[in-house]
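Visitor: I would like a close look at a single part of this structure. Please keep it brisk.

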Amino acid sequence: MKGSLDILLGLQWGDEGKGKVVDYLAPNYQMVARFQGGPNAGHSLVFNGSKFVLHTIPSGIFRESCINFIGHGVVIDPITLRQEVEAVQKAGVSTQGRLFIARKAHLIIPTHKVLDAASEQAKGRQRVGSTLRGIGPAYMDKTGRNGLRVGDIYSAGFEKKLRALMDKHRLLILSMKYDPPEWPSLDPWLEAVDQLRRMDVVDGEYFIYEKIQEGARILAEGAQGTLLDIDHGTYPYVTSSSTVAAGACLGLGLPPSAVRNVFGVFKAYCTRVGSGPFPTEQTDETGHLLRTKGHEFGATTGRPRRCGWLDLVALRYAIMVNGVNHLMMMKADVLSGLPQVKAAVAYDLEGTRRNDFPFDLTELDVRPIYKEFPGWETICTEGCTFSKEFMDFLAYIERVTRLPVNLVSYGPDRQHTCIRKDVSLVEGSV
Ligand code: GDP
Ligand code: IMO
Ligand code: MG
């Protein structure tokens, strides 16, 4: 294989800052590819005084030398995609010949969103806290072998199949005793599909294979995070796709032998949006401070994110299941100015000290065991010279994870990035 695949993914509950790093590293790659998730993702990019939030389009779109590929593991809402394409074009960036979509990617149809809301209502207090973008129902139709794919939009029977699926959904919604405020209109969705027909739709596996054969270096951009993974996350409070490294091969159609590096992105603290266990959550003044300083409000839904200390038990687990070989720390600046910084080094699980991530955190009394670190005023000065206190924090993380933290981000802007080693150029194996 002449080219290679580097995978960049989140090690926590999403919103680690993946979009920022992908945009930063993209000039070192010929292609950026999304492999799972859908418009539940919100990836923020900040540069030249502007901010963009991408939901479906990969975060390499603003880098001229880079093409972008939406793999078949992604579920696509044509309306969101159209809005994004328009926003990118309005910023003077062309998507023509730069944005490719896999024919086998599944479609989110309007009733998927209603089903999402119905399912959340039925769950009551156990609701997942979904973004209500129709993600779960779309993947359910995919695995249930009922779904519609991008390639189907070119066939004469498409609208008939679509209406039949929507009728099925209607019955299901009514049987769940959910009464939607309004049934979504199909017209805007069909208009967006019309636009999708004119986009660069490709046979994904062949497309990406040929790029690799030509020697392309490809960066796979994860959405959500490891702890939201359908298998490895805090089930059932998870999303419906494989957010881990293995998901990149599945969602792009590339073999594991193409993988060169796995970049694990984590915040210097933790956040979670939606329901589910969060052992290091701080509901007091500290949580409030992290939310305010870190602007921790969802990029997709605007919901306040729950905030807490860094969880090294969960981080080590995430590193393990992904085979991470380079770490990237985000939002270290948000901790600046705190007299003291904490990180969970183990759990006290009903009186027993545990270093592993338990099967089910919801029913257990999990108490994090913290290590305290002296705080720092500012994380770094010009030229990425870090303060001693921050270096001590970093060195501890490197010691317990046995991995280098090769990138440190200290602000939302592209420029607020310190490279300790140019990871995208490093030859490595997982
Ligand atoms: P993603 O979903 O992983 O791409 O992350 P989001 O974009 O949802 O959330 C990350 C938020 O933090 C965004 O508002 C970013 O602009 C911002 N951000 C990214 N890196 C940093 C950083 O190092 N420091 C600060 N203060 N903000 C950052
Ligand atoms: P990015 O890519 C943070 C969360 C939701 C909910 C659960 C299931 O921006 O990191 P879903 O809509 O998939 O049914 O929601 O997962 N969630 C995210 N949290 N960042 C995301 O994406 C998320 N995508 C989904 O809040 O708890
Ligand atoms: Mg996000």
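Which residues surround ligand 2, and which of them are the closest?

Guide: Keep in mind that this model is predicted. In it, 20 residues surround ligand 2. The closest are Asp 15, Lys 18, His 43, Thr 131 and Thr 239.

Look at the make-up of that shell next. Seven of its residues are nonpolar, ten are polar and three are charged.

Now turn to the protein backbone. A polar backbone atom of Asp 15 sits 2.8 Å from an oxygen atom of ligand 2. For Val 273, the distance from a polar backbone atom to an oxygen atom of the ligand is 2.9 Å. Gly 129 takes part too: one of its backbone N or O atoms is 3.3 Å from an oxygen atom of ligand 2.

How much of the ligand is covered? Alone, ligand 2 would expose 550 Å². The protein buries 97% of that area.

One more site deserves a stop: the second largest pocket. Its volume is about 550 Å³. The lining has 27 residues, and Ser 44, Lys 51, Gly 294, Lys 331 and Pro 412 are the closest to the pocket's centre. Helix H1 (18–25) supplies at least two lining residues, and so do strand E3 (43–47) and strand E4 (50–54). By class, the lining holds seven nonpolar, ten polar and ten charged residues.

Where does this pocket lie? Domain 1 (4–104 + 201–263) and domain 3 (267–427) both give residues to its lining, so the second largest pocket lies between them.

Conventions
Residues numbered from 1 in each chain as written. Chains lettered and ligands numbered in written order. Predicted model: local features only at pLDDT ≥ 70, side-chain atom pairs only at ≥ 80, totals over all residues. Heavy atoms only, no water. 1 Å grid on protein atoms, 1.4 Å probe; cavity = no way out; pocket = protein on both sides within 12 Å on 5 of 7 lines; lining within 4 Å. Points joined across faces, edges and corners; volume = space filled by probe spheres on them. Helix = DSSP H or I, 4+ residues; strand = E, 2+ residues; numbered from the N terminus. Nonpolar A, V, L, I, M, F, W, Y, C, P; charged D, E, K, R; others polar. Domains from an automatic or database assignment. Near = heavy atom within 4 Å. Polar contact = N/O pair within 3.5 Å; in protein donor to acceptor, adjacent residues only side chain to side chain. Areas by Shrake-Rupley, 256 points an atom, 1.4 Å probe, with all protein chains shown as cover.
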